[in-house]
Amino acid sequence: MPIYRIKEKFWFWDSDFFVQDEKGHNLYKLNRVWFSPNQSIVLKEENDELLVIRKRIFSFKPCYQIVRNDKVLAEIKEKTIWFQQKHVLELADVEYVVDESKWKKKMFSIKHQGVEVAHVNKKMLDMSGSFWVDVKVDPTYYEGEAMKEMCLTVLAACIIMIQVLHAHDRQVLKKEQKDAVSKMPLQVMKDEAPK
């Protein structure tokens with residue numbers, strides 16, 4: 001099964017970036033579409049557009065779509081499962097649950113009925129700041145072009161989740177900084193008082 005490499009810094013600085021194989025060869029190009037109302041990212045192979053990742057604009061909760069040839073292949077949504085907020089990948093009327101429990105260690109997985117379909121992690125000794133995406137699609141269900149499409153869809157779902165989880169981390173950090181500032185004592189010493 002394919003293993004892909006995505007550099008973490010893509011989400012912060014670069015407008016374009018490559019998804020590589022485990023040997024470092026460029027496989028796909030990610031193009032961020034600037035000034036797009038739905039925050040689109042295009043996944044290309046050479047000059048061929050394979051998939052578009054976009055945020056659905058009118059949605060009660062955040063929802064991301066994976067689109068091919070103007071047809072929505074899959075969506076990632078937040079759902080409440082057993083009183084917990086979870087991200088769910090809906091693909092061809094099948095739900096895959098994102099296990100975010102190990103995100104503090106910069107890893108997560110996508111599962112269907114307990115079976116791992118993809119595993120994403122950031123290797124500890126890897127100084128490149130890359131995420132490694134191991135897609136584990138069962139070859140008994142998919143062949144040829146259908147297999148490639150399923151692997152690309154799962155890869156796109158992993159790209160969305162890396163972005164969503166990083167955005168959540170930034171929100172938590174901002175809240176912690178705001179809380180720390182609000183708890184600082186506001187005492188002014190007599191010597192430091194303005195004259």
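The accessible surface of the chain comes to about 13000 Å², and carbon and sulfur atoms account for 55% of that. Keep in mind that this is a predicted model. As for what is tucked away, buried residues make up 37% of the 195 residues in the chain.

Now for the fold itself. You'll find twelve strands and one helix here, and walking along the sequence gives the pattern β-β-β-β-β-β-β-β-β-β-β-β-α. On the contact side, take the pairs of residues at least 6 apart in sequence: 33% of those contacts join residues at least 24 apart.

A handy place to start tracing the strands is E1, residues 3-7. This strand runs antiparallel to E12 (residues 130-135), and five bridges join the two.

Next, hop over to strand E6, which spans residues 63-68 and includes Arg68. Is Arg68 buried or exposed? Its relative accessibility is 18%, and the cut-off for buried is under 20%, so Arg68 counts as buried. What does Arg68 touch, once neighbours within four places in sequence are set aside? Its contacts are Leu50, Leu51, Leu73, Glu145 and Glu149.

Methods
Residues numbered from 1 in each chain as written. Predicted model: local features only at pLDDT ≥ 70, side-chain atom pairs only at ≥ 80, totals over all residues. Heavy atoms only, no water. Helix = DSSP H or I, 4+ residues; strand = E, 2+ residues; numbered from the N terminus. Buried < 20%, exposed > 50% of the residue type's maximum accessible area, 1.4 Å probe, protein only. Contact = heavy atoms within 4.5 Å. Areas by Shrake-Rupley, 256 points an atom, 1.4 Å probe, with all protein chains shown as cover. Pairing = 2+ DSSP bridges.
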